[in-house]
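Colleague: I have the structure open and some questions about it. Can we go through a few spots?

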Amino acid sequence: MPDEGQGCPLLRYDDADGRPAELPLTGAAPRLTVGRAPENDLALTWDAEVSRLHATLEWIGGAWTIADDGLSRNGTYVNGERLTGRRRLRAGDGIRVGATLLAFREYPVRRDESTRIAADVPTLQSLTASQRAVLVALCRPFKHGGAYATPTTNQRIGAELFLSEDAVKTHLRALFAKFGIEDLPHNQKRLRLVERALQSGIVRDRDL
């Protein structure tokens, strides 16, 4: 388990026997599921009030978010408020799914982890002007944190930059390679690219 004071964010909860347990949120899997079914990343099999697939956690724009999207029968609550849509999690947030309470804890990233992330990110000078423009357009919905945001579609990027969708796809493929994420599943690449671009400072709020 990560040490307090440093390490990855995590969820704390009591297991089926009432013992303290933790789920580290390392970011290796940018999307995690919570539910009663055993195949969930956080499987609360003992809680009959939890739906088989209850909620999802996603790493978006440099922050962990939680969404229910109508998946659950009894709803998901953050700090006592029923969740609608997607919400950015902050240190100390309390989450209730069914009868189970989850506590979100967030600690500073270790220096060696910061170094590793930086090593996977290209320099601004290594991007062409077109790649940089596509990257900024992709990240635009995440201005000011954008917890409810999703990356801009290829069609919208093309319309904004007067590029064909094929040209946008070509630039994105090059960006996936430069950011070292070309081997990720297709449905994860765009979010991870946004995450890397914002986390590294390649794209800043003022660019959006």
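Modeller: Start with a pair of side chains: Gln131 and Lys178 are joined by a polar contact of 2.9 Å. Bear in mind that this is a predicted model.

Colleague: Which helix is Gln131 in?

Modeller: Gln131 belongs to helix α2, which covers residues 129-139.

Colleague: Is Gln131 buried or exposed?

Modeller: Gln131 is buried, because its relative accessibility is 8% and the cut-off for buried is under 20%.

Colleague: What is Gln131 in contact with, leaving aside neighbours within four places in sequence?

Modeller: Ser126, His171, Ala174, Leu175 and Lys178. Lys178 is also the partner in the polar contact.

Colleague: New topic. What about Glu58, which strand is that in?

Modeller: Glu58 sits in strand β5, residues 55-60.

Colleague: And is Glu58 buried or exposed?

Modeller: Buried, with a relative accessible area of 11%.

Colleague: Which side chain does the Glu58 side chain make a polar contact with?

Modeller: That of Arg86, at 2.9 Å. Leaving aside neighbours within four places in sequence, the contacts of Glu58 include Arg86, Pro30, Trp64 and Leu191.

Colleague: Now pockets. How much space lies in the second largest pocket?

Modeller: About 160 Å³.

Colleague: Which residues line the second largest pocket?

Modeller: Asn154, Lys169, Leu172, Arg173, Phe176, His186, Lys189 and Arg190. By class, that lining has four charged, two polar and two nonpolar residues.

Colleague: Which helix gives the most to that lining?

Modeller: α4, with four residues. Both α4 (165-178) and α5 (186-200) supply at least two residues each.

Colleague: Last topic, confidence. What is the mean pLDDT of the protein?

Modeller: The mean is 84, and 86% of the residues reach 70 or more.

Colleague: Which elements have the lowest and the highest mean pLDDT?

Modeller: Helix α1 (residues 111-119) has the lowest, 47, and strand β4 (residues 42-43) has the highest, 96.

Colleague: Where does pLDDT stay under 50?

Modeller: Residues 1-6 are one such stretch, and residues 109-118 are another.

Colleague: How many contacts beyond four places in sequence does the model have for each stretch?

Modeller: For residues 1-6 the model has 15, and for residues 109-118 it has five. Where pLDDT is low, the predicted coordinates should not be read in detail.

Key: Residues are numbered from 1 along each chain as its sequence is written. This is a predicted model: local features need pLDDT of at least 70, side-chain atom pairs count only at pLDDT 80 or more; totals for chains, interfaces and linings use all residues. Side-chain values use heavy atoms; hydrogens and water are left out. Buried means under 20% relative accessible area, exposed over 50%, partly exposed in between (1.4 Å probe, protein chains only). A polar contact is a pair of N or O atoms within 3.5 Å; within protein, one must be able to donate a hydrogen and the other to accept it, and residues adjacent in sequence count only if both atoms are side-chain atoms. Contact means heavy atoms within 4.5 Å. On a 1 Å grid over the protein atoms alone, a cavity is a set of points where a 1.4 Å probe fits but cannot get out, and a pocket is an open set with protein on both sides within 12 Å along at least five of seven lines; lining residues have an atom within 4 Å of a point. Grid points are joined across faces, edges and corners, and a volume is the space filled by probe spheres set on the points. Ala, Val, Leu, Ile, Met, Phe, Trp, Tyr, Cys and Pro count as nonpolar, Asp, Glu, Lys and Arg as charged, and the others, Gly among them, as polar. pLDDT is the predictor's confidence in each residue, from 0 to 100.
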